[in-house]
Amino acid sequence: MVVYIDLIFAANLLIDAALLWLTGWMIKVRIKWWRLWLSALVGALYVVMMFVPELSFMYTFLIKFGLSVVMLWVAFGYPSLQGFFRSMGAFYMINFAAAGGILGVHYLLQSSGDIWNGILYTATGGYAYRLKIGFWFVLLILLLVLCCYKAVHSSRARREKLEAYIGMVQVEIDGVTVTCSGLLDTGNRLYDPLTKTPVMVMEASLWEEYLPKEWKGRLSQEGADQLLLETDGQSFIWQDRLRLVPYRGVNRGASFMLALKPDHVAVTLGGETALHRKVLIGLDGGTLSGDGAYRAIIHPDLTQGEAAAEPGGVA
């Protein structure tokens, strides 16, 4: 069997560098490039030592653990004990995830015959499994696993950050109550220009059964002023609650939005509830969130107001 030590060294250098870079990204610490490659060099040299019989004593748990400590110290320094343990935990978690991903993909691609052919019976009556994983397979799958890990972690971080701005919205109109999750938009400055009433946007589908059937599927395609004209003379229980609010969308000219005047709106965010009566509910004909995380856009003025009270109380 021919072993190319230079190839093994280069591969482990790249792998260690990728693992250390992902560790720094995870704990939000920017690594200097020379620290990154010096630390990866330490790890790669250790792998090469396995081909030197005289250094076989170095392949013990304590030596391996000590080497990881040295690699992390070279890459991240020693800001504090807590910070060092944080980087160590992230480093080992990423390594275990990468190793598990490689083994998982390896077994997924194997047939039952390959598995049985790799089983070895020991002299004591037990059995072991002979693992044969190609070099390029390890390198390719490792990069794939690390990319997937980074993507999943980024998605979770974005979702957690988003959830801090998501609250519950409860709107009541003539005894009809609609509840949904809403996203606080601190940049929202949509007001009715005549009354200076803040406008909270909701998906029109939440009110679909109470709106004219002729409007179904048309709110996102036709002008709100045209739909409002069509209701003239028609039977619509909330005709007197309809408002037409002008607004300017992103990269769009001036347009109009249909809005309803509710009896009251309760917004719960961060464990606190605010009750409002001076508010309009703008109807959006589309979907506000692709993953359904929220179905309303909360106006920042609605997060503070009247103390939460029983609906229908004195304002």
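What covers the buried residues of helix 2? The structure is a predicted model, in which local features need pLDDT of at least 70 and side-chain atom pairs count only at pLDDT 80 or more, while totals for chains, interfaces and linings use all residues. Residues are numbered from 1 along each chain as its sequence is written, and side-chain values use heavy atoms, leaving out hydrogens and water.

The cover of the buried residues of helix 2 includes helix 1 (5-26) and helix 3 (61-76); helices are DSSP runs of H or I with at least four residues, strands are runs of E with at least two, and both are numbered from the N terminus. Those buried residues are Leu36, Ser39, Ala40, Gly43, Ala44, Tyr46, Val47 and Val48, where buried means under 20% relative accessible area, exposed over 50%, and partly exposed in between (1.4 Å probe, protein chains only). The end C-alpha atoms of helix 2 are 23 Å apart, which agrees with the 22 Å that its 16 residues should span at 1.5 Å a residue (the expected span is 1.5 Å times one less than the number of residues).

Helix 2 (residues 33-48) also gives the largest share of a nonpolar surface patch, six residues. The patch, of about 730 Å², is made by Leu14, Trp33, Trp34, Trp37, Leu38, Leu41 and Leu45. Patches take residues with over 30% relative accessible area and no salt bridge, joining nonpolar side chains (Val, Leu, Ile, Met, Phe, Trp, Tyr) within 5 Å and like charges within 9 Å. Leu45 counts as partly exposed because its relative accessibility is 41%.

Turning to charged pairs, there are three salt bridges, each a side-chain nitrogen of Lys or Arg within 4 Å of a carboxyl oxygen of Asp or Glu. Asp174, Arg241 and Asp263 are linked in a network of salt bridges: Arg241 meets Asp174 at 2.9 Å (N to O) and Asp263 at 2.8 Å (N to O). Arg241 is buried, at 13% relative accessibility, whereas Asp174 is partly exposed at 48%, as is Asp263 at 29%. Elsewhere, the side chains of Glu203 and Arg295 meet in a salt bridge of 2.9 Å (N to O). This pair links distant parts of the chain, 92 residues apart, with Glu203 in strand 5 and Arg295 in the loop between strand 10 (280-284) and strand 11 (296-298). Glu203 is buried at 4% relative accessible area, and Arg295 is partly exposed at 30%.

Technical notes. Accessible areas come from the Shrake-Rupley method with a 1.4 Å probe; for residues, only the protein chains shown count as cover. Contact means heavy atoms within 4.5 Å.
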